[in-house]
Amino acid sequence: MAKSRRVTGPLARTNSDDSVPRNLIDFAVSLSHEGMFAKACRILVSSGLAPNNEDMWKLIREKQPEGPLPIIPETTSAQSISLNDDFDVYNILKSFPKGTAAGPSGLRVQHLLDAASIPLPTIIGSLLRRIVNLLVSGKVPQEVSLFMAGGSLTALSKLKPGCAPDIRPIAVGEVLRRLTGKCLCTVLKLRVIDFFEPIQFGLACPMGSEMVIHGIRACVEKFWNDRDFSVMKVDFKNAFNLVSRDAVLQECANHFPDLLPWVAWCYGSHPYFFVAHYGSANITIRLLEQLKRILSAANFCIKLGFATSDEAWCQAQLGLNSGGLGLRSLSLHSSSAYIASVCSSGVVDSEDIHLTNAIDHFNSHVSPIEKLSVNSIISSPVSQKLLSSKVNDLCFQDLFDRSSPANKARLLSVSAPHATSWLSVIPSTSQGLHLDPIEFRVAVKWWLGLDTSQGSQCAFCPAHSLDPLGHHALTCKCGGDAVLRHNALRDTLVHFLHRAHASVQVEVGAGLFPDHSQSRPADILLQNWNLGRPVALDISVVSPLNPSTLAEAGATFGAVLEATESRKHQANDEKCSALGWVSTPLAVDSYGAWGKEATLFLAQVAARLAIHKSLPKSQASFDLFSNLSICLLEQMPEPFSEEWSYLDFEPLGVLCLVTSARSKGMMLKENNTLKELSLWNCGLQLEGIEEVIKGVQVNTNLKTLDLSDNTIDNKRASSLGKNDIILQ
């Protein structure tokens with residue numbers, strides 16, 4: 001098969017010729033899939049790795065000088081510090097930042113956390129406590145410190161305008177040594193505070209940086225006109241590597257003698273540092289291009305690609321708990337951050353003009369009963385989270401008050417508990433928690449109440465037009481999408497019930513009644529669930545935008561869900577009672593808001609899941625609701641989720657989108673102007689290609705078809721009758 005030029009556009013694959021290092025892109029993508037978005041972005045804005053040349057090695061040797069071994073001072077102290085049996089090492093492990101890097105051995109904090117979550121004959125916490133006590137005692141052979149007190153060294157470029165190129169060495173030590181240090185900091189916290197106060201604001205001093213910043217600012221402003229007043233900032237060059245080890249050990253012996261064995265073990269030798277290197281090219285990351293690629297690969301768009309209304313942008317700036325996207329407005333929330341920072345520093349001056357301006361700005365964005373004063377924050381300090389929530393609440397209420405009845409119903413649903421789980425979840429393909437770029441784009445557009453219809457007719461019942469908010473597409477009985485969505489939701493719940501060790505049967509009840517009715521009141525039947533009685537679960541997905549109930553849905557959250565639960569009880573209670581079952585309707589609306597009975601039942605499932613899988617209940621609940629939320633979005637009805645405006649995306653009639661085989665065939669029939677079509681990596685199977693074949697045979701203008709990265713053989717592809725087909 002002859003190969004044609006590749007399809008271009010944001011959704012098409014491109015062969016980039018730029019010099020952006022692929023390994024960093026892949027690394028950032030992998031971090032985002034693990035939920036470490038901040039770390040992924042830091043990679044993009046960094047100056048990259050230093051080049052692998054003689055200059056780099058020379059700078060490393062200069063910054064890591066090797067001096068004489070220090071003299072270990074003698075001490076007549078009592079025994080070294082020892083952790084008590086009730087000391088919780090597990091909590092110290094959890095205090096490490098998520099995704100903490102490993103040292104040279106490759107041992108990670110997550111490895112220890114995973115081991116602690118598994119039932120073992122010996123509790124991992126007690127073993128770690130014994131290891132920490134052994135290390136603190138200084139009785140571990142000194143040869144071990146050469147490796148455990150060392151680390152991996154990464155040389156980052158340090159570029160400053162007008163200055164010679166420099167490096168910033170980043171050392172990552174062994175996890176067990178860092179764990180020991182954290183345990184000692186916890187044990188010695190009160191002693192450290194007594195010794196160092198008030199001359200240092202780093203160790204054992206929460207919000208120390210805020211104290212320094214606001215304290216110096218207030219002092220400078222107070223003495224600004226005093227000619228004899230001055231402030232001096234002292235910065236030591238390469239302080240950690242050039243400080244005298246002898247002086248450190250002597251001070252430790254004088255003031256913390258029980259800590260000396262551990263400090264001497266760590267700093268009494270010349271430990272090894274292994275220099276990590278990832279390539280010889282000088283890496284200069286172009287921020288905007290990199291950021292666009294990583295966010296696209298992680299299914300988060302640097303731009304959504306469609307125009308937003310003022311109302312949609314206002315909703316996007318709301319927090320997730322209010323149905324927004326969490327894109328907080330700096331102009332709205334900056335005063336909250338400043339006020340909270342001043343409160344945390346303990347330096348609150350009633351005459352501070354900056355604080356007064358910040359409070360005035362905050363008061364202009366909250367309701368009258370939530371307004372602050374300088375005296376109120378002095379007597380009762382506030383957090384940024386609390387202040388931002390007050391601003392957020394007024395923004396939501398303002399948006400709600402000026403919305404139409406349909407949008408009011410939508411806003412109440414998207415702000416319901418668990419509705420935004422799909423936005424909080426880590427986009428993991430292996431766990432099925434992944435939306436492809438088009439699914440994510442359409443979901444965001446629909447979530448914000450933007451027009452998804454484009455004035456189109458329903459593909460399955462042409463007599464009906466698609467409404468802007470997607471109500472018809474979500475409730476259309478033709479095409480089978482409603483049944484597919486219902487069954488997918490049922491199967492997802494069944495999966496979690498199996499994990500919770502529940503006895504599950506699916507679609508039970510047909511033919512069990514005296515009238516031989518084929519109705520099935522139990523989408524899922526659970527044996528021995530409710531006080532030993534079977535429970536019949538009846539799943540219903542409803543739309544809060546139904547015209548007949550729009551007034552109630554826009555006035556009271558859950559009105560449609562309660563009506564659905566009541567209707568299901570009327571239909572099923574008598575039948576289930578005759579069989580000895582307990583009828584439990586599980587009602588959820590199309591935005592992911594669950595009814596009261598459903599929420600209560602799912603909480604019970606999460607509790608059982610937490611017990612059987614040794615998970616925190618909050619984590620089990622989040623996993624359950626996240627999977628159900630993603631399932632609802634993945635099962636978007638085709639007339640809605642295809643977003644027909646993409647057909648005119650390329651001026652020359654080039655189409656590149658990821659949809660089902662049936663929809664691809666329908667679009668090919670309806671769009672005879674297409675000249676090139678890219679269906680690469682669309683998950684097409686042999687049984688689904690027939691629909692594409694039908695569409696291709698009708699579309700006589702199609703000249704190029706890309707079917708690479710699909711489960712299609714050459715023989716079947718040749719049957720399409722096209723001369724220019726790209727296969728993998």
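This is a predicted model: local features need pLDDT of at least 70, side-chain atom pairs count only at pLDDT 80 or more; totals for chains, interfaces and linings use all residues.
Hi everyone, and thanks for coming. Let me start with the overall picture. The protein chain has 32 helices and 11 strands. It runs to 728 residues, and 44% of them count as buried. If you take the contacts between residues at least 6 apart in sequence, 67% join residues at least 24 apart.

Let's go to the helices. Please find α16, residues 330-345, and α17, residues 353-363. Their axes come within 9 Å and cross at roughly 135°. With that angle, α16 is oblique to α17. As for handedness, α16 passes α17 in a left-handed crossing. Which residues of α16 and α17 make the contact? On the α16 side they are Ser331, Leu332, Ser334, Ser335, Ser336, Tyr338, Ile339 and Val342. From α17 come His354, Leu355, Ala358, Ile359, His361 and Phe362. Sorted by class, this contact of α16 with α17 has 8 nonpolar and 6 polar residues, and no charged ones.

The second pair of helices is α24, residues 481-499, with α27. Here the axes are 8 Å apart and the packing angle is about 40°. That makes α24 oblique to α27. Helix α24 brings Leu493, Phe496, Leu497 and Arg499 to the contact. Helix α27 answers with Phe601, Leu602, Val605, Leu609, His612 and Lys613. By class, the contact of α24 with α27 has 7 nonpolar residues, 1 polar and 2 charged.

Phe240 sits in helix α11, residues 239-242, and Tyr267 in helix α13, residues 260-267. The two are 27 residues apart, and the pair links distant parts of the chain. Phe240 counts as exposed, at 54% relative accessibility, while Tyr267 is partly exposed at 32%.

Now back to Phe601, which forms an aromatic pair with Trp529. This one is tilted, with 5.4 Å from centre to centre and 45° between the planes. Trp529 lies in strand β5, residues 522-530, and Phe601 in helix α27, residues 596-613, so the pair ties together parts that are 72 residues apart in sequence. Are these two residues buried or exposed? Trp529 is buried, with a relative accessible area of 8%, and Phe601 is buried too, at 4%. So Phe601 takes part both in the contact with α24 and in the ring pair with Trp529.

There is also a cluster of rings: ring pairs link Trp422, Phe440, Trp446, Trp447 and Tyr591.

Arg410 is buried, with a relative accessible area of 4%. What does Arg410 touch, leaving aside its neighbours within four places in sequence? Its contacts are Gln315, Trp446, Trp447, Leu448, Gly449, Leu469, Leu545 and Tyr591. Of those, Trp446, Trp447 and Tyr591 belong to the ring cluster. Have a look at Gly554 as well: it is 144 residues from Arg410 along the chain, and their C-alpha atoms are separated by 7.7 Å.

Beyond its neighbours within four places in sequence, Thr180 is in contact with Val132, Leu135, Val136 and Trp262.

Last stop, the backbone. Where in the chain is Met207? Met207 lies in the loop between α9 and α10. Its phi is positive, at about 60°, although Met207 is not a glycine. Met207 is partly exposed, with a relative accessible area of 37%. Glu507, in strand β4, residues 503-508, also has a positive phi, near 55°. Glu507 is partly exposed, at 25%.

That's my tour, and I'm happy to go back to any of these spots with you.

Key:
Residues are numbered from 1 along each chain as its sequence is written. Side-chain values use heavy atoms; hydrogens and water are left out. Axes are lines fitted to C-alpha atoms, for helices over the stretch in contact, and angles run from 0 to 180 degrees between N-to-C directions. Helices (H or I, at least four residues) and strands (E, at least two) are DSSP runs, numbered from the N terminus. Angles under 35 degrees count as roughly parallel, over 145 as roughly antiparallel, 65 to 115 as roughly perpendicular and the rest as oblique. A crossing is left-handed if the near helix is turned anticlockwise from the far one by less than a right angle, and right-handed if clockwise. Contact means heavy atoms within 4.5 Å. Ala, Val, Leu, Ile, Met, Phe, Trp, Tyr, Cys and Pro count as nonpolar, Asp, Glu, Lys and Arg as charged, and the others, Gly among them, as polar. Buried means under 20% relative accessible area, exposed over 50%, partly exposed in between (1.4 Å probe, protein chains only). Rings of Phe, Tyr and Trp (its six-membered ring) pair if their centres lie within 6.5 Å; planes under 30 degrees apart count as stacked, over 60 as edge-to-face and the rest as tilted.
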